[in-house]
Amino acid sequence: MEKVEYGGWRNCIRLTNGIIKLIATTDIGPRIIRFGFVGGENEFYEDLAQLGKTGGSEWRGYGGHRLWVAPEAKPRSYHPDNTPVQYEMNGGRLRLMPEVESTSGMQKEIEVEIEPNSTHVVVTHKITNRLHWPVEMAPWALTVMRAGGRAVFPQEPYSPHPDIPDEPGQQIDSRYYLPVRNLVLWSYTKLNDPRWVFTSKYILLRQDTNAAKPQKIGLSNEQNWAAYARDGRLFVKKAIYQSGASYPDNGCNFETFTNSDMLELESLGPMVKLLPGQTVVHVEDWYLFDNVTFAETDESIDEHVLPKVKSIL
């Protein structure tokens, strides 16, 4: 762990275990602006027009990984993270601590730790209510991925309709009269957009630099993972679904958004009534795999992507 200059910011912190490295900003943030293999490309998107900027009252995307407050609202979610953050380095663990947000009264914190001899990163997000009244909210972790890849989301396991079995005499659990997942659409979601691919087991969204309009969906994802594939590399984000909890945006614990610049791979924690002084915690696990290629079919994803995912679940 060492202090470095990156993207025009003079006070960044670089963490590496010799296999992967990440860079966090402290002149602004908290942001993890870079993540990838040592000697390789940044898997995260960077807004080149905004790199190195500090100060000001406008919200800037910057790129990288950030922490928001859900459900989305302006100005609450869009607090400009343009000022310096305090940080602590303890062994292989980096803690980023910004000031209390003037637009929300929340104080955020991101803690990052890289496992030795692995591509595994544990990212712990914390939000503390510094107001004098309770707030209903959920933590929302957004990772902005570099253009040119595909997001992959697992669907819940298939089971036939209880009254219409796939084969004679098949016994089917009667609970499958009831739904097993939420698929949430925004006003600008178009399921006939060619960037979407729906297979029987997966939902894929392709990032397209020529696309004129954004796309977004959310879902209840009890499989606990989502991935982004680009140029033979597979970034996997794991966040554990809490059964029985109430999630924001009509029940979403994973969401994705894309435009012509990037694609966001997002996880959300359950809704909570956060009392003054209380803290909510949301943990993600990141993994990065190399030499992973696949076609947009169940068979190909099952063969090339699913074994990687199963190795970390």
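Visitor: Which residues does Thr-143 touch, not counting residues up to four places away in sequence?
Guide: Thr-143 touches Phe-44, Gly-64, His-65, Phe-235, Lys-237, Leu-263, Glu-264, Leu-265, Glu-284 and Trp-286; contact means heavy atoms within 4.5 Å. Please note that this is a predicted model, in which local features need pLDDT of at least 70, side-chain atom pairs count only at pLDDT 80 or more, and totals for chains, interfaces and linings use all residues. Residues are numbered from 1 along each chain as its sequence is written, and side-chain values use heavy atoms, with hydrogens and water left out.

Visitor: Where is the place of Thr-143?
Guide: Thr-143 belongs to strand β10, residues 135–145. Helices (H or I, at least four residues) and strands (E, at least two) are DSSP runs, numbered from the N terminus.

Visitor: Is Thr-143 buried or exposed?
Guide: Thr-143 counts as buried because its relative accessibility is 0%. Buried means under 20% relative accessible area, exposed over 50%, and partly exposed in between, with a 1.4 Å probe and protein chains only.

Visitor: What joins the side chains of Thr-143 and His-65?
Guide: A polar contact of 2.7 Å joins them. The term covers a pair of N or O atoms within 3.5 Å; within protein, one must be able to donate a hydrogen and the other to accept it, and residues adjacent in sequence count only if both atoms are side-chain atoms.

Visitor: A new topic: how many aromatic pairs does the structure hold?
Guide: The structure holds 14 aromatic pairs. Rings of Phe, Tyr and Trp (its six-membered ring) pair if their centres lie within 6.5 Å; planes under 30 degrees apart count as stacked, over 60 as edge-to-face and the rest as tilted.

Visitor: Why is the pair of Trp-68 and Trp-140 edge-to-face?
Guide: The ring planes of Trp-68 and Trp-140 are at 70 degrees, with centres 5.4 Å apart, so the pair is edge-to-face. This pair links distant parts of the chain, with Trp-68 in strand β5 (residues 64–70) and Trp-140 in strand β10, 72 residues apart. Both Trp-68 and Trp-140 are buried.

Visitor: What sits over the ring of Trp-68?
Guide: The charged end of Arg-66 does, 4.3 Å from the ring centre. A charge sits over a ring if NZ of Lys or CZ of Arg is within 6 Å of the ring centre and within 35 degrees of the ring normal. The charged end of Arg-150 sits over the ring of Phe-294, at 4.1 Å from its centre.

Visitor: How many residues has the largest nonpolar core?
Guide: That core has 43 residues, and those with the most contacts inside it are Phe-35 and Val-121. Strand β8 (residues 106–114) gives the most to this core, with 4 residues. A nonpolar core is a set of buried Ala, Val, Leu, Ile, Met, Phe, Trp, Tyr and Cys residues joined through side-chain atoms within 4.5 Å.

Visitor: Which aromatic cluster has Phe-35 in it?
Guide: Phe-35, Phe-44, Phe-235 and Trp-286 form one aromatic cluster.

Visitor: Why is strand β17 largely enclosed?
Guide: In strand β17 (residues 233–238), 6 of the 6 residues are buried, so the strand is largely enclosed by the rest of the structure. On one side Arg-233, Phe-235 and Lys-237 are buried, and on the other Leu-234, Val-236 and Lys-238 are buried.

Visitor: How many bridges join β17 to strand β21?
Guide: 5 bridges join β17 to β21 (residues 279–289), and the two run antiparallel. Two strands pair if DSSP finds at least two bridges between them. Val-236 stands opposite Tyr-287 in β21.
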